[in-house]
Amino acid sequence: AALSSLHAQPAPLLRLSVAPQQEPAQPGEPFTYVITFANLGPASPHDLVLQVRIPDESGLISTTGPRAGISQGVVTWGVGALEPGEGGRVEGKVRVDQDAPAGTSLDLIAWLAPNIPGATTLTARSAVAVAPPSDLAVSYRLDRQAALPGDLVVFQVRAENTGATSLAGVQARIRLPAFISDLVAQPDVGIDCPKSDSDTNELA
C-alpha cells in the first residue's frame, strides 16, 4: 500500500487593535485614531487587507499607511505579507460633525484578513463619546512675526465665556519653546512655568 503524509500549515496568529488618540471627541474638531497590527505566529500570511469604517457623525480628513483607499465609508489599506514578528501601524484623521449630538458614540471598527474567499477575519473595535459644545472661545496673538535673540516678545491670550452660565476653575495652558528663558505676566495673572528637558515648556 502506498503511504502519504499531510502537513498542516499553521494558521496565522494576528493581533489587531484600534485606539482613539483623544477623548472625548469635540464637535467640529479633528479626531485621530491609530490602528496597530502584528503577526505573532509562525505562519506568513500574504495579501493581507486592513479595513476601517469611518464613524457616523464624522468625515474623513486624511490617512497614513500604504495604498489607502476609501469607498462607501470604508478605508482600505493593502498590507500585503506579514512575516513572523512583523507588524505595522496606520492612522486615520476624521472631523467630527459640527452638529453631532453630545454623548453620541463614535464607533471605530477595524478588520484584518487575507484577501481570499472564506478567510478568517480579525475584528477590533473601540468607541469614543462626543463632548458637549464648549462655552469657551480662546484666541491668542503675538506682537511680531519674527524675533532676534534677546528680543522681548509680547503675546496675548484671550478667553471668553460665550455661554449663559458662569464657569469656575478655568485654566489656560500654552506650550512655549524651551529657549524662552524669562517670562513676565500681568500682576493679576498667576503663572506656573516649570522647566523641562524637552523642546517645549508648558505654561499654566
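# Briefing on a predicted chain with an open sheet

Glutamate 57 has its place in the loop between E3 and strand E4 (58-63), where strands (E, at least two residues) and helices (H or I, at least four) are DSSP runs numbered from the N terminus. This is a predicted model, in which local features need pLDDT of at least 70 and side-chain atom pairs count only at pLDDT 80 or more, while totals for chains, interfaces and linings use all residues. Residues are numbered from 1 along each chain as its sequence is written, and side-chain values use heavy atoms, with hydrogens and water left out.

**Confidence in the model**

- The chain has a mean pLDDT of 78, and 79% of its residues reach 70 or more; pLDDT is the predictor's confidence in each residue, from 0 to 100.
- Over residues 1-9 the pLDDT is below 50, and beyond near neighbours in sequence this stretch has one contact in the model, a contact being heavy atoms within 4.5 Å.
- Residues 195-204 also have pLDDT under 50, although the model gives this stretch 40 contacts beyond four places in sequence.
- Where pLDDT is low, the predicted coordinates should not be read in detail.

**The open sheet**

- Five strands form an open sheet in the order E5-E6-E3-E8-E9, and their pairing is antiparallel; two strands pair if DSSP finds at least two bridges between them.
- The edges of this sheet are strand E5 (68-71) and strand E9 (122-129), each of which pairs on one side only.
- From one strand to the next, the twist averages 20 degrees, with axes taken as lines fitted to C-alpha atoms (for helices, over the stretch in contact) and angles running from 0 to 180 degrees between N-to-C directions.
- Strand E3 (residues 48-53) pairs with strand E8 (residues 105-114) in the antiparallel sense over six bridges; here valine 52 has alanine 110 of E8 as its bridge partner, and leucine 50 stands opposite leucine 112 in E8.
- E3 also pairs with E6, again antiparallel and over six bridges, and leucine 48 stands opposite glycine 80 in E6.
- Threonine 123 counts as partly exposed at 38% relative accessibility, on a scale where buried means under 20% relative accessible area, exposed over 50%, and partly exposed in between (1.4 Å probe, protein chains only).
- Leaving aside residues up to four places away in sequence, threonine 123 touches Leu16, Ile109, Ala110 and Trp111.

**The nonpolar core**

- The largest nonpolar core has 27 residues, and those with the most contacts inside it are Leu16, Tyr33, Ile35, Leu50 and Leu112; such a core is a set of buried Ala, Val, Leu, Ile, Met, Phe, Trp, Tyr and Cys residues joined through side-chain atoms within 4.5 Å.
- The elements that give two or more residues to this core are E1, E2, E3, E6, strand E7 (87-96), E8 and E9.
- Leucine 50, not counting residues up to four places away in sequence, touches several residues, including Leu16, Ile35, Trp77, Val90 and Leu112.
- In soluble globular proteins, nonpolar side chains tend to be buried together.

**A buried asparagine**

- Asparagine 39 lies in strand E2 and counts as buried, at 2% relative accessibility.
- A polar atom of the asparagine 39 side chain lies 3.1 Å from the backbone nitrogen of glycine 41, and the asparagine 39 side chain also reaches the backbone oxygen of glutamate 83 at 3.4 Å.
- Beyond its neighbours within four places in sequence, asparagine 39 is in contact with a set of residues, among them Leu13, Ser44, Leu82, Glu83 and Pro84.

**Backbone details in loops**

- Glutamate 57 has a phi near 65 degrees, a positive value in a residue other than glycine, and glutamate 57 is partly exposed, with a relative accessible area of 30%.
- Glutamine 72, in the loop between E5 and strand E6 (74-80), has a phi near 50 degrees, which is likewise a positive value in a residue other than glycine, and glutamine 72 is exposed, with a relative accessible area of 78%.
- Glutamate 23 and proline 24 are joined by a cis peptide bond with omega about -5 degrees, and proline 24 is found in the loop between strand E1 (14-20) and strand E2 (30-39).

Technical notes
A polar contact is a pair of N or O atoms within 3.5 Å; within protein, one must be able to donate a hydrogen and the other to accept it, and residues adjacent in sequence count only if both atoms are side-chain atoms.
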